[in-house]
Amino acid sequence: MRILGIETSCDETSASVVEDGREVFSNVVSSSLKDHQKYGGIIPEIASRRQLELIHTVVREALEEAQLKLEEIDVIAVTKSPGLIGSLLVGVSFARALAFALKKSLIEVDHIKAHLYANFLRFKGGEFQEPTLPAIGLVVSGGHSSLFHVKNFHHCILLGQTRDDAAGEAYDKVARVLGLGYPGGPILDRLAKEGVNKQIHFPCADLPGTFDFSFSGVKTAVLYHLKKNKASDEFSVKRIAYAFQESVVSILVEKSIAACKKKKLKTLLIGGGVAANSALRQKFEWRGREEEINVFFPPLSLCMDNAAMIAGLAFHLMKSKG
Ligand code: KG4
Ligand code: ZN
């Protein structure tokens, strides 16, 4: 079954063809990020206008790359929610119209579960070890930081989530107060590698007894440190980046491992934009080995918003529809 996926939940316009929920034939992603950078964050009105301008071309390119015609597609899939309402509306309207015109089935997919599904995708000819379910799933993105007990892709139980900022949002806000630009995640990730130190420590709320997260405290701690120390000779943005990242990564890793232990599960799936973080990947690999837990990350290109994860998850939803 060949599924054309469409993802327009935020600033990325993406289309992809995936076969049988596994093999990625194409995954085209176009972003309006540059149009938002000067504002230091995503402007919903601009994002939805750009979605409208880009969607036709992106879908056409995804079909061309997959060397398929629209008639050769079996099902259309689209991100239903969550996301920016105007951006979502473009994808959903486009997909509904396409499915109606072609007389094909339409599957509407949850964006967050799809981020976890990215671990089950492979590119043609690529190496692949398929995760086994049940598993614990951690979704860390600009909009979400959530832990799930993934029994299967129809049955994901929310164990905990952020009570304030999402992890990616905290990265973006800290980068903004440090005057580093948007999006903050990749910039801080890069700077942290050159700022290794033990002198600065930013505490991150633990919220014991829960699988919830809170990142607003660590963000405020960075702000206070900045105000107090920016005139000092010792002041270093790289060292702040390292200390901030250490705190955020530690809490994400340890809570996820604790969830695996509590549910007696040996598989951990990570997804979302922050899953691209090099320190997070390293620490999960190390702690996973120590605890004998198999930790899975999507390839970097499938961590950020993409339509392959939508088309992939839609295959399983389609199968259950019969
Ligand atoms: O999943 P995504 O593309 O969009 C949402 O669904 O939100 O995630 C975007 C988020 C941004 O907040 C960005 O700063 C963060 O992912 N991000 C990273 C890295 N690359 C992207 N955060 C930390 N380290 C990275 N390398
Ligand atoms: Zn996302």
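Helices (H or I, at least four residues) and strands (E, at least two) are DSSP runs, numbered from the N terminus. The model is predicted: local features need pLDDT of at least 70, side-chain atom pairs count only at pLDDT 80 or more, and totals for chains, interfaces and linings use all residues. Residues are numbered from 1 along each chain as its sequence is written, and side-chain values use heavy atoms, with hydrogens and water left out.

An open sheet of mixed pairing is formed by 6 strands in the order β5-β4-β1-β2-β3-β6; two strands pair if DSSP finds at least two bridges between them. Strands β1 (residues 2-7) and β4 (residues 75-81) run parallel and are joined by 4 bridges, with G5 opposite A77 in β4.

Helix α2 (residues 44-66) packs on the sheet and touches β1, β2 (12-19) and β3 (23-31), contact meaning heavy atoms within 4.5 Å. The direction of α2 makes about 25 degrees with that of β2; axes are lines fitted to C-alpha atoms, for helices over the stretch in contact, and angles run from 0 to 180 degrees between N-to-C directions. Helix α3 (residues 85-102) also packs on the sheet, touching β1, β4 and β5, at about 155 degrees to the direction of β4.

Buried residues (under 20% relative accessible area, 1.4 Å probe, protein chains only) of α2 include L54, I55, V58 and V59. Their cover includes β1, β2, β3, α1 (33-37) and α3.

Methods: Chains lettered and ligands numbered in written order. Buried < 20%, exposed > 50% of the residue type's maximum accessible area, 1.4 Å probe, protein only.
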